[in-house]
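Open the model in a viewer and keep the sequence panel beside it. The stops below say what to select next and what is there.

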Amino acid sequence: MKPQEIIRDPNDGVVSLDAGGAVRETAFGRRAWKLARLMSLGLPIPPGFALSFECVRELAGAGPMPDLPGIEAPGRLLVLRCSPLERAWGGVPSLRNIGIGERSLPVLEARFGTAAALDVYRRFIGEFSMTVHGMDPDDFRALGPEAADGADAVALRGLIDEMLQFYADEVGDPFPQDPRVQLELAARAMARMWNAPSARILREAKGAPADAGLGLIVQEAAAGTGAGIYGRGDVQLVDSRTGKKACVGSFRLIDPEKPTRVREIPLAAPAEGVPTDGPTLDELCPEALRQLRRAAMRTAEGLGDAYRLLFAIRAGQVAVLDALPVRRTARAAVQISVDLAKSGAITRSRALLQVDPRSLIEHLHPQIAPNAVRDVFGLGLAASPGAATGRIVFTAEAAQAAAAQDEHSILVRVETGPEDIRGMHSAHGVLTIRGGMTSHAAVIARGIGLPCVVGASDLRLDFSERTLTTSDGRVIREGALVTLDGTRGEVMAGAVEMIAPELGGAFSELLDWADTVRDLGVRANADTPSDARTAREFRVDGIGLCRTEHMFFDENRIAVMREMILANSDTERQAALDRLLPMQRADFVEIFDIMRGLPVTIRLLDPPLHEFLPNGPEEIAEFAEAMGLPVAQITARARELSEVNPMLGMRGVRLGITMPAIYDMQARAIFEAAIEVNRDSRAPVVPEVMIPLVSANREVELVKRRIDAIAEDVQREQGAELTYKLGVMVETPRAALRAGDLAATSAFLSFGTNDLTQMTYGLSRDDAGRFMRDYVNQGVFPEDPFHTLDVEGVGELMLIAARRGRATNPGLTLGLCGEHGGDPSSVRFCKVAGFDYVSCSPFRVPIARLAAAQATLLSRSSMESGETRR
C-alpha cells in the first residue's frame, strides 16, 4: 500500500494514516487518531487508511466504497478495524487477512509455506462468513476445521474446498476472491452492525450519544509466519500495580514448523541471574525488544501517558498494532502521572488533572489486595474507606475490652449513637445495619479514619443471641473473624490479604504541586487534639469545624455533663459548668497549639441535651448509683428533655438562647485558651466562634452580645488583647435565604450541608439509606444528595446566600463544612461559587486538596477559552 498516492483531505472521508493532524479524532475516531499520532512519532505502524464517521455512515446505506489504491497487490493481506470516538463504547471485532484467495495463494505459500498459507485461508473463510453474513461458526466446525489444526496441506485443501462450497450453497454466490469486494462487503457489514438497534442500546448504556459515529481503519496485516521470529505480544514499561518502572508483557511465539502451535514466552528474565522456563524474547531477538522499549518510551512522551503496546514481529521486524492506556491501580495512577511530569512528557498541571481525586483514598488507608479472594456475605454503603480485619463485637464496651487485650475488633451495631464513640475509637472497623452516608457512624468514622460500612440491611442482627444472619442463611457469631471493606461497602468472612497505606513518594509530591496551584482553601473537620494532629499532618489550611460536643463524651467528662443537664437550679448548673470549663479550655489550648498560625472554627454546642443522658435501664441505674440520685429522677428528667423530633427541636442556637450559661462557658474556654497560646510570640491563632442552626438574625444578635461581653471580660482579666471572629453555620433554608441579614452581624458564613440537605429535601439523613439506592437506580436522584452536593436545589440556596451575604458584607468569608467538602464535584461547585474554603474529615483532606487544584485549573482554562472567543 502506498498511502501517499491518495489525496490527504479528511473532508473526502478517507485519509491515509501518515497524514498526521489531518486524522482528527472527532471525525475518524480515537484509534485512527492514535495510530496516526504514533506514526508521526516514528513508530513502526503498518500503513493504511482511515474512513471517517460520515463515510461509514454512507456505507451502511447505499453509499459508494472509497477507492483505496494498492490493496490488490498480490499477496498483500489487510486488516479491517473499527475506530469509535471512545473505546469504551465498544465496536465490531476486527477482520484479518482480507485479500487472501485463490489468486494470492501462490505468493503466500511461497512466503509462509503451503500448509501455513492454506490455514490462514480457511480461517479467513470462516471469520468472513460470520462477519459479513452472520453465518454460524458451528456450521463450519461441523466440516472439521478444529481437526485441521496441524493438518497437512492436502487435508487443508480438501477442507477449504468443502467450506467454499458450503458458503456458496448458503449465500447463493461464490466466495469473493477480489480483495476489493472482500473489503467492501466487510466494511458495509461492520457499518450495519454498528447501527443495529441492539448495538446502539448497548453503547448508549455506556454513555455514547444516540448518533455516535464509527470510523474504520484499513491496514496492511502484520501477521504471518515463516523463517525467523514471528508472533504477537504486548509490552508496557510500568508495573500496573505500583506504577514503578518495569518492562512487563509477553510474546506469543509462532512455531515455524506448525503455525497453529503458539507458545507464550516472557519478554525478558524477571531479574539478572534468575532462570526462566524456556527462552525469552530478549534472548531470541534482543533488537526487537530494544525497539519496543524505545517505542513505548516515545509513546509515553508523545501521548502523555503510559501505554501498553500491542505488537507483531515478522521475521524479526517489529510492527506496532495499537496502543492502549496501561491498566493501573489508584496508587499506580499517581506514580505514573508524577513520573511523566518529572520526565517532561506532561506538565504538572496535566499530571494533576489526570488523577481522580477519589482514587487517593487507596493511599490513605489499608486496602484489600486487588487479586484477593473475597467471601462477601454483606453489602452496604461505603461510608468510610479502608479495610480492616477483626473479630465481631456487638457493644462499645466489648470493643474497648478487645483493644485492652491488643485484639482487633469490628464493632457491629444496628446504628451508632454518641454513647458508642469510645467503642468506635477502640474498634478497627464499624458495621451498621441502618444508616446513610451522613449517619452518626459514617461521619464519626470518616473523621477518625475508621473503615465503615453502613446500611447493610440484608443482614439481621440478633443482639440477644449475639449473631448476625446473612441473606443466604449463614449465621455469623460474636467473635467470628471478618473483614470490612469500607471502600466498596462489603463485609467478608475471614481474613483477606491487604496492602498498606502509602503517604510518601509520588503521593506527597502530587499534593505539593496541588497546593501551589489551588486558590480554594481546604480545612479539616477536627473535634479533638488527635484529629487536629492528623489534619496538620495532611497540611490543612485550618480547622473549618470543631464540634465541641464530642469533647463531652469522654468517660471522664460525661458524668459532669450529665450533672449539668440534671441540675435543678441555675446555681447547680453553673457549678457543673465551672467544672467543665477547665476541661474545655485544656482541649482548646492543645488544639490551638497544634494549629498555630491557622484559623480554627469552633462550633458551639449543637445536639439536643438528651443525647448526653444514659440509655437503657442498666446504664441509668449505674449512673444513678454513682451520682447518689434516685433512678426515677433521672428517668423523669430524660422524659422532660425528650422530643418528638429532636433534630428540629431544642438544639443549636436555641440552647444558647434558652440556656445561655452553656455558651458563656464555651466562649470563655475558647478565649482563655487563645490568650494562653498566643502569649508565646510564635504564630498566633485566631479563633472563629460559630453559632449553629441559626434561622434568624435576632438569634445571632442575642448570642453575639453575650459572647462579645465575655471576650471583653477575659481580655480585661488576662491583661491581653484578643482577636476573634464570630459567624454562623448555615444549616436551614431560611438562614440561606436571609443571609443578607446574617452577614450584617457575622464575619463568616459556613454552610453545614449535611443538615442543609436534610432540611431542603425533608429527608432524614440517618434513614435515607433504606431507600436511597432505589431512588438513584430509578433516576429519582442522580446521586445520593448526602454524598454529592445537590447543585440544583441546595446549591441554588448556597448561591443565593453567597450573593445576598456579600451584597451586605463584601468581606464576608464563605465556607462549606459538611461532608460534601471532601467530594470533588462539590469542591468544584464551591470554587465556581466563589467560596473561600471547604472543610472535610481529616482523611479526606488530600482528596479535597487535589480536587481544589483541579477546580482552579479548570476555572483558569474556562476563563482563557472565554478570552480567546472574545
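## The whole chain

Of the 870 residues of the protein chain, 54% count as buried, where buried means under 20% relative accessible area, exposed means over 50%, and partly exposed lies in between (1.4 Å probe, protein chains only). This is a predicted model, in which local features need pLDDT of at least 70 and side-chain atom pairs count only at pLDDT 80 or more, while totals for chains, interfaces and linings use all residues. Residues are numbered from 1 along each chain as its sequence is written, and side-chain values use heavy atoms, with hydrogens and water left out.

Show the C-alpha trace. Along the principal axes, the C-alpha atoms of the protein chain fill a box of roughly 110 × 70 × 55 Å. Switch to a cartoon to see 33 helices and 31 strands; helices (H or I, at least four residues) and strands (E, at least two) are DSSP runs, numbered from the N terminus.

## Two loops and two distances

Select Val23, in the loop between strand E1 (14-16) and helix H1 (25-28). Val23 has a relative accessible area of 1%, so it is buried.

Next, select Ala269, in the loop between strand E8 (262-266) and helix H10 (281-284). With a relative accessible area of 37%, Ala269 is partly exposed. Thr280 is 11 residues from Ala269 in sequence, and their C-alpha atoms are 6.8 Å apart.

## A negative patch

Select Asp136, Asp139, Asp169 and Glu170, which form a negative surface patch. Patches are made of residues with over 30% relative accessible area and no salt bridge, with like charges joined within 9 Å and nonpolar side chains (Val, Leu, Ile, Met, Phe, Trp, Tyr) within 5 Å. Asp139 belongs to helix H6 (residues 137-141) and is partly exposed, at a relative accessible area of 35%.

## Positive phi angles

Go to Asp406, in the loop between helix H15 (396-404) and strand E15 (409-413). Its phi is near 60°, a positive value in a residue other than glycine. Asp406 counts as exposed, at 69% relative accessibility.

Arg539 is not a glycine either, yet has a positive phi of about 55°. Look for Arg539 in the loop between helix H19 (529-537) and strand E25 (543-547); at 36% relative accessibility, this residue counts as partly exposed.

## Salt bridges

How many salt bridges does the structure hold? There are 60, each being a side-chain nitrogen of Lys or Arg within 4 Å of a carboxyl oxygen of Asp or Glu.

Select Glu819 and Arg446, whose side chains meet in a salt bridge (2.5 Å, N to O). This pair links distant parts of the chain, 373 residues apart: Glu819 is in the loop between strand E30 (813-816) and H32, and Arg446 is in helix H17 (residues 440-448). Glu819 is buried, with a relative accessible area of 2%, and Arg446 is buried at 4%.

Move to Arg533 and Glu590, a salt bridge with its closest N and O atoms 3.1 Å apart. Arg533 is in helix H19 and Glu590 in helix H21 (residues 570-594), so the pair links distant parts of the chain, 57 residues apart. Arg533 counts as partly exposed at 40% relative accessibility; Glu590 is partly exposed at 34%.

Then select Asp587 and Arg557, a salt bridge in which the closest N and O atoms are 2.3 Å apart. Asp587 lies in helix H21 and Arg557 in the loop between E25 and helix H20 (558-566), so the pair ties together parts that are 30 residues apart in sequence. Asp587 and Arg557 are buried. For a network, select Asp512, Asp515, Arg518, Arg539, Asp541 and Arg849, which are joined by salt bridges that share partners.

## Cysteines and helix H32

With a disulfide taken as a pair of cysteine sulfur atoms within 2.5 Å, the count comes to 0 disulfides. For Cys55, the nearest cysteine sulfur is that of Cys82, 15 Å away. Cys55 counts as buried at 8% relative accessibility.

Cys840 counts as buried, at 0% relative accessibility.

Finish at helix H32 (residues 824-832), where the buried residues include Phe829 and Cys830. Gly834, which follows H32, has a positive phi near 85°.

Conventions. Areas by Shrake-Rupley, 256 points an atom, 1.4 Å probe, with all protein chains shown as cover. Lys, Arg positive; Asp, Glu negative; His and termini not counted. Charge placed at Lys NZ, Arg CZ, Asp CG, Glu CD.
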